Amino acid sequence: MTRGSTLFEKVWNAHVVKRFDGDRDLIFVDRHILQETTCAPAFAGLERAGRPVAHPELTLATQDHIVSTEPDRTEASNPEGLELMRLMRANAQAHGIRHYGIEDTRQGIVHVIGPELGAALPGTVLACGDSHTSTVGGLGALGIGVGTSEVEHVLATQTLLLQRPKTMRIRFEGGKAPGVSAKDLILAAIGRFGIAAGRSHAIEYAGPAIRALGIEERLTVCNMSIELGARLGLIAPDDTTLAYLAGRPFAPSGADWELAAAEWRALASAADAVFERDLAIDCAPIAPQVTWGTTQEDVIGVDQRIPDPATLADPERRRRSAAALRYMGLAPGDAIEGLRVDVVFVGSCTNGRLSDLEAAAAIARGRKVKADVRAVVVPGSASVKRAAEAKGLDRVFREAGFEWRSPGCSMCVSINQDVVPPGARCLATTNRNFEGRQGPGSRTHLASPAMAAAAAVNGAIVDVRKLAS
Amino acid sequence: MRAPLARVTGVAAPLPLTNVNTDAIIPSVYLRSESSDLARGLFARWRFDETGAERPEFVLNRPPFRRAAILLAGENFGCGSSREAAVWALQRFGIKCVVAPSFADIFYENAFRNGMLAAIADQAELAALIAAVEAAPEDAQVDIDLEKGLIVRGNALRMGFSVPAFRREALMRGDDEIASTLRHAKDIAAHAAADRARRGWLYRAIAPEGKSE
C-alpha cells in the first residue's frame, strides 16, 4: 500500500511541468512578487535577450527595502534609493505589472502584503526575490525565495527549475505558556535544531501549538524557515486560514470561493504520510527567547545566562561562540536580562503585522520609553499602519515615546537610512542578528514584539511576563 | 550564453569559517545602487576598518591571496539573505570557485546560475588542503578540473569534489538556463492551460478585469 502525501508533496506535485534528471523539477509559479532591490538586473537581462514578461497579470511589484520610513516621506526622502525605486516603477510600467509604490494604499513589505491582499493562497506556488518568501507558508502556500537570476527566469518563463527538496516536519507539542509568542516558538526551535537543520528540506510545522496559532503568528513561524536553513516552510490550511482569507482583494469570491475552499481543505498531510526527517519540540517549557550571539541559533530564554564557549567540545564552535561574544560585548555567564539597550525596533516581515503591533502596544500603553533609548515602530504595510491607527495604537506608541514611521523593511536590512549606530545594542523583532546587519558594528538581539516594547520602557532586556500582569 | 567554465587555475585563499553569511560577503550598503563597487564591497567589514583602510590580517589582504581565484571555505557557506550580489561580489573580486563542505541552498543556486563553481568537498580533505595552503602561502596555486572532478595542488595533493552532473555540464557548456527552459515552452503552456481549466478560480481571482482592486 502506498502512503498518503504530505502537504508539501501535494502542492509541489500539482505544479510540476516537467521532471528532469538530478531530482530536478520545472515548477509552475502561480504568483510572483517583486521588490525594488533584487529585480533591476533581471529586467535588464530580459531586455538584452529581447524576452517579454510571460505573465505580467500573475505578477505584483511593490517597494519596501530601500524606501524611506519617514512619516511624511516621498521618493526623494531617500535620495540614495531613487535609482532603484525609479527602475522598479519604470520596469513595472513597461511590462504592464501592477505596482504599489510608496504613495499606494497597498504598499508594504512583500511578505506582509502577499497574505493581506490574498495574493498568497493555500496550495499555490509564490516566488519572490527575497529569502523570507516562505512567510506565506503560514497560509499553506509554497513561498520560494529566489535570487535575481531566478527572478529573471520566472519573469521570462513563469517557472522555476528546482532541486526537489526533502521533506521534514517539526511538531510543536503541548501548548505555549502565557506571555510566550510565535516568535519565541520558532526561535526556540532554531536554538534546538540549528541554522542548517533544514538545508535542502521543505519544513512542515505541525502539532497542537501550531494549530492554536492565528494566521499572523503562523506567518511569523514560517518566515524564519530560512533561519533553519530551509528555503520552504509551510503549515496546513484549516478553518483559521479560510476565515483569514475570505474577502481579501485577490482571494476568490462567490462560487469560486467554494471551489477553492474545497481544494484547500484537502491539502493537509495524510495521517500516514512519511517525512524524511521528523522532529519535535515541547512548547510548555519555552520562555520568551532572546538571541545573544551573531547567528539565530545563539538563543536562550530570557531567564537564562549566556553560555560559556569553554564548555563546547568542538573547537570551531568554541571559536565562533567566543568571537560572537566579543562582537556583542558580552561575557560568558552574564544574565541576558538586565542588559541595557540603545535601540528598540518593532517591525519587519517577521513581526510587522497588526497583532505584533498590538502585542507591543499592550506593553507600551501608559508607560514611557527610557531616556537614551531610541524606540522605533515601523508597520509592515500601509494597510497595517491604517488598521493600527484606527485602533489608536499610533497614539499609544507616540505617547510612550516611540517613533511611529511609514511601512518598509527599515532596520531589519538597513539598506535605507534606518541604521543602528556602531557599537549600539538593539533589541529587534527581526530575523537576522548577523554582524553588521543593522549597520556597521551594530549589535542585534532578536526577540518578540512584546519583549521589544518591554525593553524599550525598561531601558534593558527584561522578561515581559514581569510587566504583563 | 555565458563563458563556459571547465577549469579554474589560480591562488586558493583559505577562509575556513563556518556559517559565513551573505551580509558578511556583501554588506547591504553595497546593494543601494546598480553601480556599487561590488569588488570593493566583498567582505568589506572584514577587509577594511572604519576608516576604509585595509585590515592587514584578513586573508584577502595578504599576498598571494589578494589575487585569489578560489576560496576554500567552511560549512554552510552563503547562508542568510538571497542577495545574488554575494556571488557577483566574489566574481568581481576574481573568485571563480568556492570549495566548501556544504553551502546554503540559495547561494548554491545563485553561484551556478552565474557560472561560478560551488564545489562540495570532504571536510577532512579540505582541511588538509587549507592547512597546506596556510603553511606555504607561496605555494597556494591550485588547479580545479571540472571534467575530472579533481582539485590538485602541486604534486603532493589531489582530492575530489562533488557537483551534480547536470550542473557540471551546464557550467562546461556555459548554458543560458532561461533559453534551456524556453525550449520547453510548449510543456509550460500545456501545464498552464490544464491548470487554468482545473483551477479557474486562481486566475479569475487576480485577473485585472475580473475584480475591483
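Predicted model: local features only at pLDDT ≥ 70, side-chain atom pairs only at ≥ 80, totals over all residues.
Two packed helices are described by the angle between their axes and the distance between the axes. In chain A, helix H13 spans residues 354-364 and helix H16 spans residues 449-458. They pack at an angle of about 30 degrees. Their axes lie 8 Å apart. H13(A) and H16(A) are therefore roughly parallel to each other. Their crossing is right-handed. On the H13(A) side, the contact is made by Asp356(A), Ala359(A), Ala360(A), Ile363(A) and Ala364(A). H16(A) contributes Pro449(A), Ala450(A), Ala453(A) and Ala454(A). Eight residues of this contact are nonpolar and one is charged. None is polar.

The domain arrangement was examined next. Chain A is divided into three parts: domain 1 (7-163 + 238-261), domain 2 (167-236 + 270-282) and domain 3 (291-462).

Domains 2 and 3 of chain A meet at an interface. Their C-alpha centres lie 22 Å apart. Here, 15 residues of domain 2 are in contact with 20 residues of domain 3. The area buried between these two domains of chain A is about 1300 Å². Carbon and sulfur atoms give 55% of that area. Three residues of domain 2 stand out: Lys183(A), Leu187(A) and Glu216(A). Together they supply 37% of the area that domain 2 buries against domain 3, more than any other three residues.

Conventions
Residues numbered from 1 in each chain as written. Chains lettered and ligands numbered in written order. Heavy atoms only, no water. Axes fitted to C-alpha atoms, helices over the stretch in contact; angles between N-to-C directions. Helix = DSSP H or I, 4+ residues; strand = E, 2+ residues; numbered from the N terminus. Parallel < 35°, antiparallel > 145°, perpendicular 65-115°, else oblique. Left-handed = near helix turned anticlockwise from the far one by under 90°. Contact = heavy atoms within 4.5 Å. Nonpolar A, V, L, I, M, F, W, Y, C, P; charged D, E, K, R; others polar. Domains from an automatic or database assignment. Buried area = accessible area lost by both parts, 1.4 Å probe.
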